[in-house]
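Dear colleague,

My findings follow directly after it.

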Amino acid sequence: MTDEEHRLSDLERELTLLSRHFVASKGPRIGQTLDRSAYVLLTRLEAGDPLTLKELAHTFQVAVSTINRQVSAMLKSGLVERIPDPAGGLARRFRPTPLGLDRLAADRPISLAGTTRLIKATGWPPEKTEQFLTLLIEFNQSIEQLEGLAWERGGATGETTGEH
């Protein structure tokens with residue numbers, strides 16, 4: 001195996017391990033009221049214009065039926081609402097309701113506390129955390145560009161745009 005192959009193999013393993021801390025959590029997280037899929041979907045919907053089921057499925061690279069089940073549950077819970085396409089198209093679009101945004105805002109500090117706990121566990125100085133953030137943003141934006149799946153970053157919570 002070449003050095004490059006070893007590096008990529010190590011990276012694949014580490015990304016898998018990292019994802020288990022965030023993606024693999026099931027059900028409500030301690031103190032949070034939203035399940036993981038609702039939290040992620042609301043975060044995306046909060047960041048930009050209302051989206052169709054097809055657009056959401058493309059964004060998350062899952063089947064429309066999967067997104068449909070998740071959004072249907074969120075509709076029943078009053079977290080999102082269905083609206084007509086402002087451009088006059090036939091597809092309905094979905095946007096967060098005030099309740100959905102309130103629940104997201106209530107859960108976000110708990111999620112942030114978990115992220116903070118993980119970063120503090122590294123013992124990294126602020127400069128190293130900033131470097132990690134910069135690299136992670138660049139990595140995610142490169143994947144988004146490759147896949148055509150841009151994720152808006154200038155939302156209501158003031159997320160970073162990746163420009164430092």
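A polar contact is a pair of N or O atoms within 3.5 Å, where, within protein, one atom must be able to donate a hydrogen and the other to accept it. Please keep in mind that the model is a predicted one.

A contact of this kind, at 3.3 Å, links the side chains of D85 and R93. D85 is located in the loop that runs between β1 (80–83) and β2 (93–96). Is D85 buried or exposed? Its relative accessible area is 15%, and because buried means under 20%, D85 is classed as buried. Not counting residues up to four places away in sequence, D85 touches A91 and R93.

I turn next to a pair of helices. Two packed helices are described by the angle between their axes and the distance between the axes. For α2 (residues 36–47) and α5 (residues 98–122), the angle is about 115 degrees and the axes are 10 Å apart. This makes α2 roughly perpendicular to α5. By class, their contact has 4 nonpolar, 3 polar and 3 charged residues. On the α2 side, Y39, L42, T43 and E46 take part, and they meet G100, L101, L104, D107, R108 and S111 of α5. The crossing of α2 past α5 is left-handed.

Helix α5 also contains L99, which is partly exposed, with a relative accessible area of 41%. Leaving aside neighbours within four places in sequence, L99 is in contact with S77, G78 and L79. L99 and L79 are 20 residues apart along the chain, and their C-alpha atoms are separated by 5.7 Å.

Yours sincerely

Technical notes. Residues are numbered from 1 along each chain as its sequence is written. This is a predicted model: local features need pLDDT of at least 70, side-chain atom pairs count only at pLDDT 80 or more; totals for chains, interfaces and linings use all residues. Side-chain values use heavy atoms; hydrogens and water are left out. Helices (H or I, at least four residues) and strands (E, at least two) are DSSP runs, numbered from the N terminus. Buried means under 20% relative accessible area, exposed over 50%, partly exposed in between (1.4 Å probe, protein chains only). Contact means heavy atoms within 4.5 Å. Axes are lines fitted to C-alpha atoms, for helices over the stretch in contact, and angles run from 0 to 180 degrees between N-to-C directions. Angles under 35 degrees count as roughly parallel, over 145 as roughly antiparallel, 65 to 115 as roughly perpendicular and the rest as oblique. A crossing is left-handed if the near helix is turned anticlockwise from the far one by less than a right angle, and right-handed if clockwise. Ala, Val, Leu, Ile, Met, Phe, Trp, Tyr, Cys and Pro count as nonpolar, Asp, Glu, Lys and Arg as charged, and the others, Gly among them, as polar.
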